[in-house]
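Reader: Hi! Could you walk me through this one before I set anything up?
Author: Happy to, let's look at it together.

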Amino acid sequence: MLDNNKYDRIPVTVLTGFLGSGKTTLLNRILTENHGKRIAVIENEFGEIGVDNDLVIGAEEEIFEMNNGCICCTVRGDLIRILSNLMKRRDKFDHIMIETTGMADPGPVAQTFFMDDELREALNLDGVVTLVDTKHVLLHIDDSDEVKEQIAFADVILLNKIDLVSATELDQLEARIHAMNSAAKIYRTQDAVIEMDKVLNLGGFDLDRALEIDPKFLEPEYPFEWSGLFEFSAGDYYFALQPGPDPAMNINFRLADNASEAGMRETVEKAVLVFSSDEISLKSGSVIEPSEQLSKINLEGEKLKYILRVPNAGSYVLYTEHHPEEFAAIITDAAGNQVKSLFNREFKPDHEHDEDVASVGISTPGDLDPKKFEPWLRDLLAKQGPDIFRMKGVLSFSESSERYVFQGVHMLFDGRKDRPWREGERSNSLIFIGRNLDREQLNKGFSECLI
Amino acid sequence: MPDIDYSFLDDDLLIELSQLELDDYIIELAWSSNGENLAAITVEGKVFLVNKYADIIKYKLIGQHDKGGNSVSWRSDGKEFATVGHDGKIKIWDGISGNEIISLEAGDSWVSKAIYNPHSNWLASAAGRQLRLWDTNREVFYESSDHSSTIADLGWSPDGSGVAVAAYNGVTLHVPHKQKQPRKYSWKGSSLVLAWSPDARYIATGEQDSTVHFWHRASGEDDRMYGFPTKVLELSWNSTGRWLATGGSSSVILWDCSGKGPAGRKPREYLAHSNKLTQVAFQPTGELLASTGKDAVLAIWDPMKHDKIIGRKILSAPASSLRWNKNANLAIGQEDGRVAIFKLKS
């Protein structure tokens with residue numbers, strides 16, 4: 001038992017962030033906090049201040065290309081050397097922290113753990129923690145590739161120094177960062193104050209853990225934020241709204257098969273199609289009938305009221321582009337009594353994708369044909385590897401009763417069979433974080449690998 | 001994979017002389033030239049001296065490098081040896097008494113290696129990218145930082161005239177007093193270890209990209225050998241310079257460097273271990289070869305006669321250093337801090 005523990009892979013946390021973002025403050029916090037772990041630190045030679053710990057080793061960044069000058073095959077030679085030495089004293093510590101310089105590309109650091117066989121066996125890249133100086137990053141996010149890459153590689157992002165920016169700026173920044181890397185957990189901090197279990201032992205490169213932490217990160221994005229299912233009798237109902245944050249919004253009013261959550265769910269895909277079709281603009285007082293028509297309702301002015309005309313008694317679903325609460329919307333019958341939805345659902349909104357770094361999540365049932373999937377992925381990585389910073393996924397291969405979990409950095413890919421699938425659980429979910437990713441092409445290419 | 005053939009195994013081939021408990025991962029062992037004394041350095045930087053007095057083996061802790069140890073080397077006359085470590089120092093020790101003679105400042109941080117010239121009192125040291133050569137008076141008479149990365153390994157040429165340096169981008173050969181510019185043997189890759197053939201025709205390197213290169217010293221051309229499953233950290237030439245033994249897998253691979261060299265020739269393979277090799281060493285004089293693996297097995301071969309194990313010992317942990325002396329004694333430093341010393345039955 002002791003021997004087994006002794007040879008467990010040692011977790012490694014990589015700390016990135018620009019000079020002044022608070023890396024050293026966090027490092028000091030991690031070293032002094034009472035978490036019962038003995039931590040070895042590999043510090044970059046330009047460390048801002050010294051760290052008081054016995055096992056601190058300075059490293060000078062040495063980037064080694066491994067093959068033909070391919071950027072995806074670069075590793076950190078200094079880390080290989082230092083970590084190999086640390087492995088000879090593995091009984092002296094339980095965790096390794098690697099602090100990178102502010103300008104460092106996290107790629108070669110992460111790739112080192114895939115490319116070197118000795119380190120791959122002994123160590124487990126637990127996570128990349130990126131510290132962001134909120135004020136600084138607001139100024140540089142648009143013109144700095146290093147900032148984008150550090151965000152794209154992260155498992156955890158700490159928005160630090162939040163006292164220096166306004167709440168609105170912070171919200172906008174968080175939304176942008178989330179759109180770039182939707183797999184990362186984002187925390188707002190001051191003086192890098194954070195609970196240790198949010199930065200250590202993340203299992204960030206362990207997809208199973210990542211999925212447990214945030215099961216929604218792979219959910220597709222929708223063109224609407226809300227839907228509600230109503231039981232209506234034949235006749236007119238009134239959809240009354242107050243002015244809100246937007247001057248207009250798209251809605252779709254449609255029939256459902258039955259008054260159940262499943263009945264509502266069956267209409268989602270059709271509604272997505274409707275929301276991609278041409279809308280007609282309506283003014284307050286207009287009549288809306290259940291149909292495949294997208295209606296753009298005007299939200300400017302007072303006492304806005306639209307008439308939902310119900311031809312026959314039954315179940316109906318209303319899809320709204322924005323959340324009805326933003327407009328204090330209610331539905332009443334002809335007598336003025338409020339009618340509440342039997343079921344409603346909130347959807348993750350479809351963000352504006354103006355970032356060149358973004359996340360593409362694919363989530364789909366069905367079994368993959370390995371003969372199709374392997375060449376597809378190989379081809380994808382060969383062509384787009386330099387643009388793909390991180391990827392993770394759980395796959396369902398035909399003829400396999402076990403889950404297949406994988407993760408990768410650029411062109412490097414590491415996958416293995418995991419536990420058996422449970423009843424009714426089989427499905428595929430994966431995420432790519434990268435630059436210039438074509439959401440549609442990725443989805444299409446992936447679904448063509450299904451049986 | 002075929003089973004390892006034990007039909008030639010002689011259980012009595014290796015006779016244990018001693019088992020020492022140094023209690024710290026052994027980084028490197030080195031025998032004095034007469035084979036009487038053995039020095040050891042551990043990962044925590046402890047320096048031990050093992051002396052043999054009339055068949056009794058005794059060892060003592062003689063000092064320490066703060067923060068950690070990296071390498072040990074004896075002067076050719078066997079009177080002193082040098083150790084280096086993470087403290088930026090070269091320490092010189094008396095080979096009999098174990099007293100520290102001097103501590104030299106040799107770098108800002110890690111001194112990764114210091115090795116004595118095979119024929120003189122010169123010492124070559126590596127710290128970061130910097131190579132330094134020290135003369136008999138322990139003064140630096142040559143330095144160079146003309147390397148693409150931290151120096152990974154060093155080796156004096158067999159005649160002692162020059163030092164080859166392995167780093168990222170290949171090998172650099174420095175010949176002080178004779179050539180103005182160091183000679184480059186360039187390769188876009190990270191060379192981790194190097195070994196001169198005893199006839200000085202070749203400088204062999206083990207590489208991060210799982211290859212072995214044979215540099216023809218004179219022409220500057222190289223033969224590249226592919227097919228290793230892992231990076232190659234183990235190289236050992238036989239005494240004549242015809243054969244190079246390499247690790248990088250669970251087998252010992254022997255490359256024939258006679259005539260035109262190893263290119264295009266199928267190497268010999270010796271099925272050795274159930275796991276990756278950790279050490280391989282030819283006798284400096286004599287024909288035998290020793291190998292150890294992650295499986296903590298020591299295997300002895302007579303590779304020119306046949307490809308079967310002739311001697312075998314189960315160790316308490318994998319070996320991290322394996323050194324023959326000229327008296328056919330074999331010292332094995334282990335990851336668990338033990339040093340085992342064997343002799344061959346006569």
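Author: Chain B has 30 strands and zero helices. Keep in mind that this is a predicted model.

Reader: Thanks! How does the radius of gyration of chain B sit against the globule rule?
Author: The radius of gyration is 19 Å, close to the 20 Å that the rule gives for 346 residues, so chain B is as compact as a globular protein of that length. Its C-alpha trace spans about 55 × 50 × 30 Å along the principal axes.

Reader: And what percentage of chain B is buried?
Author: Buried residues account for 52% of the 346 in chain B.

Reader: Switching topic: how many residues of chain A are in contact with chain B?
Author: Twelve residues of chain A are in contact with twelve of chain B. On the chain A side, strand E4 (63–65) and helix H3 (77–87) are the elements that give two or more residues. H3(A) brings the largest share, three residues.

Reader: What's the split into nonpolar, polar and charged on that side of chain A?
Author: Two nonpolar, three polar and seven charged.

Reader: Now E22(A). Which strand does it join through six bridges?
Author: That is E21 (residues 388–395) of chain A, which runs antiparallel to E22 (residues 402–409). The two form a hairpin with six residues between them, and A:Glu399 in the turn has a positive phi of about 65°.

Reader: And which strand is joined to E22(A) by seven bridges?
Author: E23 (residues 412–420) of chain A, again antiparallel. This hairpin has two residues between the strands, with A:His410 in the turn at a positive phi of about 50°.

How values were computed:
Residues numbered from 1 in each chain as written. Chains lettered and ligands numbered in written order. Predicted model: local features only at pLDDT ≥ 70, side-chain atom pairs only at ≥ 80, totals over all residues. Helix = DSSP H or I, 4+ residues; strand = E, 2+ residues; numbered from the N terminus. Rg over C-alpha atoms; globule rule 2.2 N^0.38 Å. Buried ≥ 20, exposed ≤ 12 C-beta atoms within 10 Å, placed from the backbone. Contact = placed C-beta atoms within 7 Å. Nonpolar A, V, L, I, M, F, W, Y, C, P; charged D, E, K, R; others polar. Pairing = 2+ DSSP bridges.
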